[in-house]
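Reader: I am new to looking at structures. Please take me closely through one part of this one, and then show me what packs elsewhere.

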Amino acid sequence: MVAGMEQLAEAVAFEPAIAASILKIANSAMFSMPRKIDNLSKALVLLGLKEVKKLVNAYGITAAFSNINPKVADMDKFWEISVDCALICL
């Protein structure tokens, strides 16, 4: 499993924004680690694959929608409706 995390860390390192987000979350007060985590593999282990997958998906979706012309779609309204739908589904 550790070798798998190291391979995943190498892949994630190709996208600096995602890598930085993972390290930022791993070093947040939520985890209150005694030392700063500066190794992406350790951060991935700490967060877990499920949470990292959610983060990567959120990043990808945000990037995909970031270039939409505001005249074509009101993205603020789109996200508001999307969150409302998700809350209703809970």
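Author: Start with the largest pocket. Its lining is made of M33, P34, R35, K36, I37, D38, N39 and K42. Keep in mind that this is a predicted model. How is such a space found? Rolling a probe the size of a water molecule over the atoms shows where empty space is left. Here, the largest pocket holds about 160 Å³ of space. Now sort its lining by class. Four of the lining residues are charged, three are nonpolar and one is polar.

Next, look at the helices. Two packed helices are described by the angle between their axes and the distance between the axes. Take helix α2, residues 16–26, and helix α3, residues 40–47. The axes of α2 and α3 come within 9 Å and cross at roughly 60°. The crossing of α2 past α3 is left-handed. Which residues make the contact between them? On α2 they are A19, I22, L23, I25 and A26. On α3 they are L40, A43, L44, L46 and L47. By class, this contact of α2 with α3 has ten nonpolar residues, with no polar and no charged ones.

Helix α2 also meets helix α4, which covers residues 49–65. The axes of α2 and α4 come within 11 Å and cross at roughly 135°. That angle makes α2 oblique to α4. The crossing of α2 and α4 is right-handed. From α2, the contact uses A17, I18, S21, I22 and I25. From α4, it uses V52, L55, V56 and Y59. The contact of α2 with α4 has eight nonpolar residues, one polar and no charged.

Key: Residues are numbered from 1 along each chain as its sequence is written. This is a predicted model: local features need pLDDT of at least 70, side-chain atom pairs count only at pLDDT 80 or more; totals for chains, interfaces and linings use all residues. Side-chain values use heavy atoms; hydrogens and water are left out. On a 1 Å grid over the protein atoms alone, a cavity is a set of points where a 1.4 Å probe fits but cannot get out, and a pocket is an open set with protein on both sides within 12 Å along at least five of seven lines; lining residues have an atom within 4 Å of a point. Grid points are joined across faces, edges and corners, and a volume is the space filled by probe spheres set on the points. Ala, Val, Leu, Ile, Met, Phe, Trp, Tyr, Cys and Pro count as nonpolar, Asp, Glu, Lys and Arg as charged, and the others, Gly among them, as polar. Axes are lines fitted to C-alpha atoms, for helices over the stretch in contact, and angles run from 0 to 180 degrees between N-to-C directions. Helices (H or I, at least four residues) and strands (E, at least two) are DSSP runs, numbered from the N terminus. A crossing is left-handed if the near helix is turned anticlockwise from the far one by less than a right angle, and right-handed if clockwise. Contact means heavy atoms within 4.5 Å. Angles under 35 degrees count as roughly parallel, over 145 as roughly antiparallel, 65 to 115 as roughly perpendicular and the rest as oblique.
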